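Visitor: I'm new to this one. Can we walk through the side chains together?

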Amino acid sequence: MTIFEESVLTDIPTKLYIGGAWVDGEKGTIDVHNPATGEVLATVANASPRDGIRALDAAIVAQQGWERTSARTRSDILRRAFDLLQERATEFATVMTLEMGKPYAEALGEIAYGSEFLRWFSEEAVRVSGRFGANPEGTGNAIVSHHPVGPCFLITPWNFPLAMATRKIAPALAAGCTVVIKPAELTPLTTLLFVQLLEDAGVPAGVVNVLTTSTAAAVSAPIIADPRLRKLSFTGSTAVGQRLIEQSAHQVLRTSMELGGNAPFIVFDDAELDKAVDAAMLAKFRNVGQACTAANRFLVHRSLATEFSDRIAERVRALKVGPGIEAGVDIGALINDAAVAKADSLVREALQRGARLRVGGAPISGPGSFYEPTLLDHVHADSKLLREEVFGPVLAIVSFDDEDEAVRIANATEYGLVSYVFTESLDRTMRMISALQTGMMGVNAGVVSNASAPFGGVKQSGLGREGGIEGIHEYLFTKYTLIPR
């Protein structure tokens, strides 16, 4: 580890942040590991359920003052946070790379993406509006206004440790809500550093509180059960999301759930293959394939399947694998050995069903959790690789013969987060907007996420939207007031 890396880690707070103070956790500490080496990067506080309730207490105490703070003041604080994050981009990118494993260049990309939520919602904070007008009967005037829902509990995943925090915290603060955030046990350092930045930007004590814990379910349950909590936002697996929805039903909480995905990447016979290949590399291998928006099923028209597979094979062979902190690395470490084992198991099962291995297909021995960037084609329709999120650098190709078949295969999943379509036909594009059962769609594009756009899915991919003008309304409730004439 270089001196620069060590100095970055030294500056990261490692305690819980409750009510504006950094405090120890009741359950001792948690080691945070570098997935590229297995080394311990830092040791952070381990919260207990009682720590969780203390964090909620702090958010509740701060709620009234924060919601009465002017929208302009909240906007200015978020904008200062955006500016500070730009100034400290290399520091945050280094921390993310070390604790999560992604290549450093991609970590810088996450800074650019994640920081935009701060800028976007700093602008949306002063744009919340309602309406006024006479009712149809002419007997009164109606006022429709929007108000902060109240204290929120935010649970973020390990794969985008900065962007998932900004995507939830920024709209909550913009709307006038206080929060308790629980980052993933595997990647808490970025969130801790970010909350310190929010403190520097002027966020008052108690408005943002952070819990790091090795017992997520035990800490989360009493917070969700507390009648003072009014909003739950979670990004993660569908299975965990389902349990959280069940728990939240008892308090009838507002919920936002960004859950699993099984994204189809459809290459029609009129597609420009250069565009499709470039986009496929982004849609599959960005973030080492560890993204809910990662393309999971590559559906290629039979007339293009061989050439598409050949071109992808050439590109995949050229990918450089190694620790993300090293220059020129394209594929960093997976988050842990369990992720490597899962990817390998799905590849093995697909091969047993008759898939053809073009490139890769095995774990990489040595320190760290690495898997070879892999390409399979002729993948059987019943393979688990096509039904489950691989969350790794494995690209699987299936052929189809016509548009109806492509749509049928694409929709044959319980998930519906995002789809990717490659065609030069405007008519086909419009048909796909209606036909594909996903909350988002990219046309001739391999990345769709943007702070100004609503992010979210349908079916078992979740509820609600993050980003866009829709994002702030996830943290507001609507009130109708009648004033008789």
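Visitor: Let's start with rings. How many aromatic pairs does a search of the whole structure find?

Guide: Eight aromatic pairs turn up in that search. Keep in mind that this is a predicted model. Take Y113 and F117 as one example: their ring centres are 5.2 Å apart and their planes stand at 75 degrees, so the pair is edge-to-face.

Visitor: Where do Y113 and F117 sit?

Guide: Both are in helix α5, residues 104-124. They are four residues apart, so about one helical turn separates them.

Visitor: Are Y113 and F117 buried or exposed?

Guide: Y113 is buried. F117 is buried too.

Visitor: What about W158 and F391, how are those rings arranged?

Guide: W158 and F391 are also an edge-to-face pair. The centres are 5.7 Å apart, with 85 degrees between the planes.

Visitor: Which parts of the chain does that pair tie together?

Guide: W158 lies in the loop between β7 (152-155) and α6 (163-175). F391 lies in the loop between β17 (374-377) and β18 (394-400). The pair therefore ties together parts that are 233 residues apart in sequence.

Visitor: And W158, buried or exposed?

Guide: W158 is buried, at 18% relative accessible area. The cut-off for buried is under 20%.

Visitor: Which residues form an aromatic cluster?

Guide: F265, F298, F308, Y420 and F422 form one cluster.

Visitor: Now charges over rings. What sits over the ring of F455?

Guide: The charged end of R167 does, 4.0 Å from the ring centre.

Visitor: On to salt bridges. How many are there?

Guide: The count comes to 29 salt bridges. One of them joins the side chains of E26 and R50, at 2.8 Å from N to O.

Visitor: Where are E26 and R50 in the chain?

Guide: E26 is in the loop between β2 (21-23) and β3 (29-33). R50 is in helix α2, residues 49-68. They are 24 residues apart, and the pair links distant parts of the chain.

Visitor: What does D57 pair with?

Guide: D57 meets R228 in a salt bridge, 2.7 Å from N to O. R228 is in the loop between α8 (216-225) and β10 (231-235), while D57 is in helix α2. That puts the partners 171 residues apart. R228 is partly exposed at 34%, and D57 is partly exposed at 29%.

Visitor: What about R431, which side chain does it meet?

Guide: R431 meets E403 in a salt bridge at 2.8 Å, N to O. R431 lies in helix α14 and E403 in helix α13 (residues 403-411), so the pair ties together parts that are 28 residues apart in sequence.

Visitor: R431 and E403: buried or exposed?

Guide: R431 is partly exposed, at 39% relative accessibility. E403 is buried, at 16%.

Visitor: Change of topic. Which residues make a nonpolar patch on the surface?

Guide: L426, M430 and I433 form one, with about 330 Å² of accessible area together. I433 is in helix α14, residues 426-435. At 49% relative accessibility, I433 counts as partly exposed.

Visitor: What does the side chain of E466 contact?

Guide: E466 makes a polar contact with the side chain of K168, at 2.8 Å. E466 is in the loop between β23 (462-463) and α15 (468-473). E466 is buried, with 7% relative accessibility.

Visitor: Last one. Where is I169?

Guide: I169 is in helix α6. I169 is buried, at 0% relative accessibility. I169 and I181 are twelve residues apart in sequence and 8.2 Å apart in space, C-alpha to C-alpha.

Key
Residues are numbered from 1 along each chain as its sequence is written. This is a predicted model: local features need pLDDT of at least 70, side-chain atom pairs count only at pLDDT 80 or more; totals for chains, interfaces and linings use all residues. Side-chain values use heavy atoms; hydrogens and water are left out. Rings of Phe, Tyr and Trp (its six-membered ring) pair if their centres lie within 6.5 Å; planes under 30 degrees apart count as stacked, over 60 as edge-to-face and the rest as tilted. Helices (H or I, at least four residues) and strands (E, at least two) are DSSP runs, numbered from the N terminus. Buried means under 20% relative accessible area, exposed over 50%, partly exposed in between (1.4 Å probe, protein chains only). A charge sits over a ring if NZ of Lys or CZ of Arg is within 6 Å of the ring centre and within 35 degrees of the ring normal. Patches are made of residues with over 30% relative accessible area and no salt bridge: like charges are joined within 9 Å, nonpolar side chains (Val, Leu, Ile, Met, Phe, Trp, Tyr) within 5 Å. Accessible areas come from the Shrake-Rupley method with a 1.4 Å probe; for residues, only the protein chains shown count as cover. A salt bridge is a side-chain nitrogen of Lys or Arg within 4 Å of a carboxyl oxygen of Asp or Glu. A polar contact is a pair of N or O atoms within 3.5 Å; within protein, one must be able to donate a hydrogen and the other to accept it, and residues adjacent in sequence count only if both atoms are side-chain atoms.
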